[in-house]
Amino acid sequence: MDLNLYVWRQKDKDSQGRLEQYKAYDISPDMSFLEMLDVVNERLIKEGKEPIAFDHDCREGICGMCSQVINGVPHGPQEKTTVCQLHMRHFKDGDTIYIEPWRARAFPVIKDLIVDRSALDRIIQAGGYISVHTGGVPDGNAILISKKDADTAMDAAQCIGCGACVAACPNGSAMLFTAAKVSHLASLPQGRVEAAKRVCMMTEQMLKEGFGNCSNHYECEAACPKGIKVSFIAKLNREFIKAQF
Amino acid sequence: MILDGKIPSGPINEKWDRHRQNLKLVNPANKRKYTIIVVGTGLAGASAAASLAELGYNVEAFCYQDSARRAHSIAAQGGINAAKNYPNDGDSIYRLFYDTVKGGDFRAREANVYRLAQVSVNIIDQCVAQGVPFARDYAGYLDNRSFGGAQLSRTFYARGQTGQQLLLGAYQALSRQVYLGKIRMHPRTEMLDLVIVDGEAKGIVVRDLVTGEISAYSGDAVCLCTGGYGNVFYLSTNAMGCNVTATYRAYKKGAFFANPCFTQIHPTCIPVSGEHQSKLTLMSESLRNDGRVWVPLKKGDTRHPNDIPEEERDYYLERKYPSFGNLAPRDISSRAAKEVCDEGRGVGPGGYGVYLDFADAIKRLGEDVIRQRYGNLFEMYERITGEDAYKVPMRIYPAVHYTMGGLWVDYNLESNIRGLFVLGEANFSDHGANRLGASALMQGLADGYFVIPYTIADYLAQTKPAAVKVDHPEFKKSMEDVQARIKRLLSIKGKKTVNDFHRELGKVMWEYVGMARSKEGLNIALKRIPEIREEFWQNVIVPGSGNELNQELEKAGRVADFLEFAELMAIDALHREESCGGHFRVEHQMPDGEAKRDDENFCYVAAWQYKGDDKAPELHKEPLVFENVKLAIRSYK
């Protein structure tokens, strides 16, 4: 199939960006979206033009590096699927596709489709862990965890830190991201000890980074490639209120 | 030269404890005077950086990704082994040790493997304490599953995302130290050279991938935790950015590269769909617990799999290896798949695929149970192939997955260059010629959490802290070399892209240095690789400049190193006139087609020393001594 692409091009963080038009020819439905961009890039390089810069690494939907807004939707049209796992069989010959970077105040564009997501790392650094040193811990089975709690923790822990939730939110909020880590650790007995401090530190950092607040649009859950539920934001709020007393 | 692995004396179960008691210590007040450079933030790198920082050392950590959390350990699906014996099925440290040595086809270092089995139990405890959400049973206890190459259940898992959860545990520990100021994290930064001063590793030269700036960092020791080199094959299950540059640059600075030909081809990957393919996706080996592998009995049978009756199917793993069946080790399963496809009984486009069928398991356990166990894997399969594996058998084919070879290290994980430590997949020591499933996570974390914190102190205690600074002429020279190379890559302005060359190299490697190797084929590879390399340096096109974010330039540097390294792999494969584990030489096989090892002549680690671009590398040997297991034919029948 042949496609008509409009791709965001921006030289660096200080330059003005704009959408540029490109054609993609002979695209197979078995290609992934990124493989389609590879084909376009190979041609641009051979024509002496600069290829489109985009973040990607594992290409199996787990590293969280890929980050593109496709036709206005972070990670594109397929539910619970990262860009790298989106395949061209979901498009048809002659389609026009708009490709843009994550857009949020806390994610400045570095180049083309690449943004700076280090703000998410700093939220984790502020408290997204259990403060245990290596060594001197009890046997793994000394801490019993009900299957239900272990499953809840895992549901939250599968966040890949891609930032699609932020890109999808009209407020540019990182509440789902933060809620996922807070909920993962707060659901486990090991994580309860620091739960109050953790939620305060992480939310404070979240605000410092310029992320907006949650006003219940639920766009984050819809965009999340791992299907992380907004109910975790409720849990975050609950943990936050509990921490005040 | 005969290499000394510095294996401690004494009975195998006491070696590590005794050794730890003899290692020198750095007192707490002095630790803060030392700086350790850690390159790579996967399981080995993140766990090492965190543990070393917790002890009080200053750590400079580097990764090429935009965040430490994205290292490719994250993609490991199935699980992590540990000799906990929770299921009461007869496991022990000795058994895990024995299975790993046997699984590696008796080409690993006994003492290292035993230590790995010993600390495996601590890893699980550590990860639970960090909050890793391992699967639990209804009573709240940790759950286990079985994996290839083992007859018991010792694998701990977190759904199909075990690597992700373990890496996030280590990443969080690392993040805590970043917050406390003990780790300086450098994301989007790639190591391009190792700096050696007076014979000791004292720093690295890096490129900032955003600004293009080349800079140097000095330290009292360097830990390379930079993973494997599977991408030399172009198509592999590795992430796109995985590369050999860090370890290969260290090799060119004098570190020995051990067993580079030992590569693992994983049996359960999604088959290639076309020329455009950029990478291969693995389906966790845990699927083989419930899936049955088969091909049609008849050649060229194009019927829909569900229309092929039971008696016209060949469940070849169950037939050939009745006691291990579908759980036969990776090298054996992969070769068996290649054999049936070579016979013309492969399925799917091009005939390069075999079925992995869940129909029986669904009948026995119900679709819900299968969904609970493997739901995310089935979803992943459907996204890529557009097929529903609950209804139609999956199609799988082997793909390059892991590299057992790596920089040579002694028992302390120190290379032959003093002060250069190598951890995780980047070293060679624990998996021999074949790695068992769920052992990579175990090794990465063992090295980082429980080995390096002890062994690095012994080295540091013998050095003066911060003795070398970046103003040393060696740093300047190394930076100039790196800059000259970048300039050269940018100036060629040829006609073929970096990917064109990489793909071409990959085809040669897969064809001649892949699953089955022959003298003739390896010689073809040794002729073709230098030709491709020569053309690369004449005709590659790298757009843009060096002073900006330039992904083609990054790729060009990595592929340039692969083009040299590939030759070393072929040389090693050619010299090893035996078949063992993942290294199968067609000249050396049993009458039934199984690998024929030659313990008389090849029971050693082959460690190669760089002698110059136009000279052949020199082979050094570390003889492998087996005192606790009997060298035996590795049978899974």
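How many residues does the contact take from chain A, and how many from chain B? It takes 64 from chain A and 63 from chain B. Before I go on, a reminder that this is a predicted model.

Let's stay with that contact and look at chain A's side. Which of them gives the most? H1(A) does, with 6 residues. Sorted by class, chain A's side has 27 nonpolar residues, 20 polar and 17 charged.

Next, chain A as a whole. Its secondary structure comes to 9 helices and 7 strands. Its C-alpha atoms fill a box of roughly 60 × 35 × 35 Å along the principal axes. The chain has 245 residues, and 54% of them count as buried. What about sequence separation? Take the contacts in chain A between residues at least 6 apart in sequence. Of these, 70% join residues at least 24 apart.

On to the sheet. In chain A there is an open sheet of 5 strands, with mixed pairing. Read across, the order is S2-S1-S5-S3-S4. Which strands are at the edges? They are S2 (18-24) and S4 (73-74) of chain A, and each pairs on one side only. Look at the S2 end. S1(A), residues 3-9, is joined to S2(A) by 7 bridges. The two strands run antiparallel. One pair to find on screen: A:Tyr6 has A:Gln21 in S2(A) as its bridge partner.

Last stop, chain B, and a pair of helices. H13 of chain B covers residues 473-491, and H16 of chain B covers residues 551-575. Their axes come within 11 Å and cross at roughly 110°. The range for roughly perpendicular is 65 to 115 degrees, so H13(B) counts as roughly perpendicular to H16(B). Who makes the contact? From H13(B), it is B:Ile486, B:Leu489 and B:Leu490. From H16(B), it is B:Leu553, B:Ala556 and B:Gly557. By class, that gives 5 nonpolar residues, 1 polar and no charged.

To recap: 64 residues of chain A meet 63 of chain B, the open sheet in chain A has 5 strands, and H13(B) and H16(B) cross at roughly 110°. That's my tour.

Technical notes:
Residues are numbered from 1 along each chain as its sequence is written. Chains are lettered from A and ligands numbered from 1 in the order in which they are written. This is a predicted model: local features need pLDDT of at least 70, side-chain atom pairs count only at pLDDT 80 or more; totals for chains, interfaces and linings use all residues. Axes are lines fitted to C-alpha atoms, for helices over the stretch in contact, and angles run from 0 to 180 degrees between N-to-C directions. Helices (H or I, at least four residues) and strands (E, at least two) are DSSP runs, numbered from the N terminus. Angles under 35 degrees count as roughly parallel, over 145 as roughly antiparallel, 65 to 115 as roughly perpendicular and the rest as oblique. Two residues are in contact if their C-beta atoms, placed from the backbone, lie within 7 Å. Ala, Val, Leu, Ile, Met, Phe, Trp, Tyr, Cys and Pro count as nonpolar, Asp, Glu, Lys and Arg as charged, and the others, Gly among them, as polar. A residue is buried if 20 or more other C-beta atoms lie within 10 Å of its own, exposed if 12 or fewer, and partly exposed in between; C-beta atoms are placed from the backbone. Two strands pair if DSSP finds at least two bridges between them.
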